[in-house]
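Keep the viewer open and try each task before reading its solution.

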Protein chains: 2
Amino acid sequence: MTSVPDSRPLVVFSPSGRRGRFAVGTPVLDAARALGVDLDTVCGGRAICGRCQVTVAEGELSKHGIVSRAENLSPSSEAEARYRERRGLAADRRLGCQATLRGDVAIDVPPESQVHRQVVRKPHEARDIEIDPLTHACYVVVDPPDMHHPSGDLERLMAALARDWQLDALHAGMPLRQTLQAVLRKGDWQVTAAIRDGGEIVALWPGFRDRLYGIAIDVGSTTIAAHLCDLASGEVLTSAGRMNPQIRFGEDLMSRVSYVMMNPGGEAELTAAVRQAINELVAEVAAASDLPASDIVEVTIVGNPIMIHLVHGLSPVELGTAPFALASDAAVSVPAQDIGIRIAPGGYAYTLPCIAGHVGADTAGVLLAEAPYERDEISLIVDVGTNAEMLLGNRQRLLAASSPTGPAFEGAQISAGQRAAPGAIERVRIDAATLEPRYRVIGCDLWSDDPDFDEQKPACGVTGICGSGIIEVVAELFLAGVIKSDGTIDGELAGRSPRIVSDERTWSYVLSDAAPVITIQQNDVRAIQLAKAALYAGARLLMEKLGVDRVDRIRLAGAFGAHIDVKYAMVLGMIPDCDLREVSSAGNAAGTGARIALLNKGARARIEQQTRKVEKIETAVEPRFQHHFVAAMSIPHDSDPFTELSRVVDLPERRAAASSGQRRRGRGRRR
Amino acid sequence: MTSVPDSRPLVVFSPSGRRGRFAVGTPVLDAARALGVDLDTVCGGRAICGRCQVTVAEGELSKHGIVSRAENLSPSSEAEARYRERRGLAADRRLGCQATLRGDVAIDVPPESQVHRQVVRKPHEARDIEIDPLTHACYVVVDPPDMHHPSGDLERLMAALARDWQLDALHAGMPLRQTLQAVLRKGDWQVTAAIRDGGEIVALWPGFRDRLYGIAIDVGSTTIAAHLCDLASGEVLTSAGRMNPQIRFGEDLMSRVSYVMMNPGGEAELTAAVRQAINELVAEVAAASDLPASDIVEVTIVGNPIMIHLVHGLSPVELGTAPFALASDAAVSVPAQDIGIRIAPGGYAYTLPCIAGHVGADTAGVLLAEAPYERDEISLIVDVGTNAEMLLGNRQRLLAASSPTGPAFEGAQISAGQRAAPGAIERVRIDAATLEPRYRVIGCDLWSDDPDFDEQKPACGVTGICGSGIIEVVAELFLAGVIKSDGTIDGELAGRSPRIVSDERTWSYVLSDAAPVITIQQNDVRAIQLAKAALYAGARLLMEKLGVDRVDRIRLAGAFGAHIDVKYAMVLGMIPDCDLREVSSAGNAAGTGARIALLNKGARARIEQQTRKVEKIETAVEPRFQHHFVAAMSIPHDSDPFTELSRVVDLPERRAAASSGQRRRGRGRRR
């Protein structure tokens, strides 16, 4: 062929920079598809959905040697004019499916016309989410049946999807088939199909619709949270939570496992309870956004291994005893109705992978949300619940473990402990001179020494102390010298303050003397010591396995991480040495992980791959864990240099005490 | 490389003729696998299943230049000796997994050691079935869990299946997962998995087992039949049938569709009824073979389109009115529990494809069983039920249609008609001179004129006349001159026989004057005329579309085909001209088709492909159908040369009468 200059119109797309020449009359949408430009459409080019809106950037593009003009697109079509009239269209906007090329143009694709747009992160979240959902809406006009060429309604729907959307070999399950004929006729053969992963029709609606919805569900042993998302925009429309009704079978996980052990078949009751709560939540968030639950086509689920077993209808008994065998550690994608979740009847439920018998899909969610595997710095990520799940590492290597902290950090097994709710003490300061406390309670912004506190405190009064309050009071008592490095409350100070009171053989500290009296007892300090020692020992064990002495950053996930003042965590020796500016809350990272898996299909493959690569450390069978645990009992602890603490807390003499005599006593008692 | 003679042992397999050289010590099973020889195994080479039994053919193989000796296999291993002792092994048999090569051998693989063995056909069946089921048993020893390398039980099961059976990327649904942990522990990590299509674990049992089972189900509007098969041997272990309980919603199909039209949501009742009957049948055949229903891993289903809709839980209303749109015409493979069928919880149900709105999966079953697409001769295959489904053609081209015969051939809508049951007249002969009848009833081998008939007839007496009896009595009355070619009973013969009696404006023939009196009334003859005209017209329409005047063979499927005397079918003009030696019963061809699809996975692809190729003719919209129908009302009929009839029935004068004056009357009345 001789080289004749190509006289066809040149189109240049922004922001992708892709360009190409196309015949006069080519729709902008077709040019974009041919060039792989990210330009959305749901109606397949029928001027119905308005997702393919573009603008012409007018002016000279010297780089390309062209002058871009709005007139170089065809005038508005009738269909486009109808769309403009009915649904509104900014003056400079064109529908990419209607505007055809007449000459050279530079086309801007605004963010809302891109399928793969980014959702801006929320506070605490590690990164933006790129929207690339597994399920898409596809509008089609289906051929009606013809007796001369008999074929099934489903086959004609599939033919339309193949013709207009290049979707071949689609699968359709029984629920879809059961409504198919009625929906096609209700829509007068115009329908919108939800296509999952390019391979299955999971829902079908009469007429045109351009929004699909999904729910990210975080099944905790105490609370269950659900986030209803628009799958196209990534927006969270409604979030809601409720108590896990399994609590009636046992407050903590192990007592629920015991229930099943004592009551063979009892897993069915626990499963029914958690599924009912999930379905109530699904119905609640759907109703709050004015949708039927049947518009929800996808659910993603995170939770600890026992919760995942129970949601899936599996007995959790193997998780109750060594070797803590999971039924499966892989991610599970099944029709939602197979696990009793009522969304669109053909919709799917995706459960993130578990990592080990004690490190569940919730930790996989944290891993996905925090993505330490994308960083060079060594991250320690801790999700504190009844146990503390930990991840340590970077792009080279990642380790995971679960430490048996017990529920003390949640305010449980603490004499005046309670859940984080109005009336709970959450912040505490103790005057080192007078040993007098002041505190703040949930539901009131004032400190207790504020003259208006009594007036403004919650109606319920001061009812107890929650997890973050416990951390602070123990740390402040240590800083004030009331608690010694071995964790004992120093009865010798009883002479200095009436708040140090005798409690038979031990001493207590009276934090609040209004009814109910709130005291910090010796056993409460011991519970916190045990919990923080477990947490620290787990982190230390992972550091040892990874071969590092220090971590570059620490992320604290979950409600505990969001409420704790990290300075006090370090004072107590809960977390290893780290620049405090690099210690931060990761928010509800497990739930964020579920949301990422909901909104981005590539994230599923990513987390499945990453969890396989994670090295699992079982603290229960690692002799070094016991070693670290014992060493970590003292306050702050006794195992490695603690440079950050000395920078944060200006009490060198106290550290000196902590690292001398007290330490030996602590050790001696544990052995 | 220089050409050094290969000194490794040569092994030659029969009957495949495959041969190859292998290192000394290679197990015979491994050599067979390497050569692609069909040698079965379930236990994966552990001397447990005994499926890989072979014999050594001793002697000189001059063709191969070797001498085959039993000593050229290793002596019996300990495991083989254990098998021989526990389960028995013929003296000359060896286990292919244990016997290893020491020298040249010729190995015979007996039929029972081949996976793809043939099942010898039953009477009526068109061909043998090659056994090649979709689901296989695989025995594995799974690694127990290890806390140092935590992984899910499912993942370790899959690793064992990958290691021993080269099965990768297996899927496992929720039902399998729900029993997984208990089964692995019950079997002490030795389990047998049922693997479907090399892709999914559908069942798991503790320990070793080598038998999997499947059920072929034929869902008729009147009766439902189930055949329990051993998937490895192809043997039918138990068959059973029961009434379709949907009959309480309407005797025939259309009245059941009407029920749903009048009672919105009524399809749920019909679905529940038919599924319950299927489950009762499944339980019945399983119990009769001493199996739990959970040992059944696969079900195949045939039935007419309305039955298939209802079994699948789909409303049949679209099938009640033009354009008779099926929800789907393709085959459907879904977890059996998705359509409420209780077999192994992870088992599957495969429904054969439908051909058109009136030509269902039952006809697809007939098509698969009869395989006219493999023949050069033109076959006409007719399945007579409430409608007559017809297939016509050969390997070049196949056509299908359904003719609205109504239920007269089943004895319904006939004054003395009844189902084929003891007491029903099934054979009739009428003396052309005296017009006296003799007959046989179901339940007695004697003719009614036998002196012992009254003594030996069924206890219920002579209760009515069934489909084949009706055909015969009308044909015999025609041959005796009682019925004229236009179908009227000739009242002028009343003077010759007291059996011709007046019935107000028409005449009747008294077939049996014992109580209850059984008469053939003019309306009964009309019903048969209408039915046979519909049947003939459908066949004629297909012949016209195919461009043939004559068919090479006719196969009559179903109970009707099995009981009818084809000579009478030809006398009445039900079927087109054909050498009577080529007219035969196809037995329960629909059920046979379901059985083939159960036992041979390739048959599924084959029937799916063939049904897509079939040209569907809708009799309701073909003007030529009406034309043929009217022409076919006279007896035998009036549309084409009828050479076979004159050969079979020695009544040329009657044929002359039929083809002259009577015909015109018949035509005139219908127009």
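**Exercise 1. Find the element that gives the largest share of the lining of the largest cavity, then describe that cavity.**

Step 1. Helix 7 (residues 305–311) of chain A supplies the largest share of this lining, with three residues; helices here are DSSP runs of H or I with at least four residues, numbered from the N terminus.
A word on the ground rules: this is a predicted model, where local features need pLDDT of at least 70 and side-chain atom pairs count only at pLDDT 80 or more, while totals for chains, interfaces and linings use all residues. Residues are numbered from 1 along each chain as its sequence is written, chains are lettered from A and ligands numbered from 1 in the order in which they are written, and side-chain values use heavy atoms, with hydrogens and water left out.

Step 2. A cavity is a set of points on a 1 Å grid over the protein atoms alone where a 1.4 Å probe fits but cannot get out, and its lining residues have an atom within 4 Å of a point. The volume is the space filled by probe spheres set on the points, which are joined across faces, edges and corners. For the largest cavity this gives about 100 Å³.

Step 3. Of the 14 lining residues, the closest to the centre of the largest cavity are Ile308(A), His312(A), Ser328(A), Ala330(A) and Val332(A).

**Exercise 2. What volume does the second largest cavity have, and which residues line it?**

Step 1. Its volume is about 80 Å³.

Step 2. The residues lining the second largest cavity include Arg177(A), Ile308(B), His312(B), Ser328(B) and Cys354(B).

**Exercise 3. Is Thr271(A) buried or exposed?**

Step 1. Locate Thr271(A) in helix 6 (residues 266–288) of chain A.

Step 2. Thr271(A) has 6% relative accessibility, so it counts as buried (under 20% relative accessible area; exposed is over 50%, partly exposed in between, with a 1.4 Å probe and protein chains only).

Step 3. Leaving out residues up to four places away in sequence, Thr271(A) touches Gln246(A), Leu310(A), Val311(A) and Gly313(A), where contact means heavy atoms within 4.5 Å.

**Exercise 4. How many residues of helix 14 (residues 589–599) of chain A are buried?**

Step 1. Eleven of the eleven residues are buried.

Step 2. Among them are Arg595(A) and Ile596(A).

**Exercise 5. Which ring does Arg604(B) lie over?**

Step 1. Apply the rule: NZ of Lys or CZ of Arg within 6 Å of the ring centre and within 35 degrees of the ring normal.

Step 2. Arg604(B) lies over the face of Tyr350(B), 4.4 Å from the ring centre.

Key: On a 1 Å grid over the protein atoms alone, a cavity is a set of points where a 1.4 Å probe fits but cannot get out, and a pocket is an open set with protein on both sides within 12 Å along at least five of seven lines; lining residues have an atom within 4 Å of a point. Helices (H or I, at least four residues) and strands (E, at least two) are DSSP runs, numbered from the N terminus.
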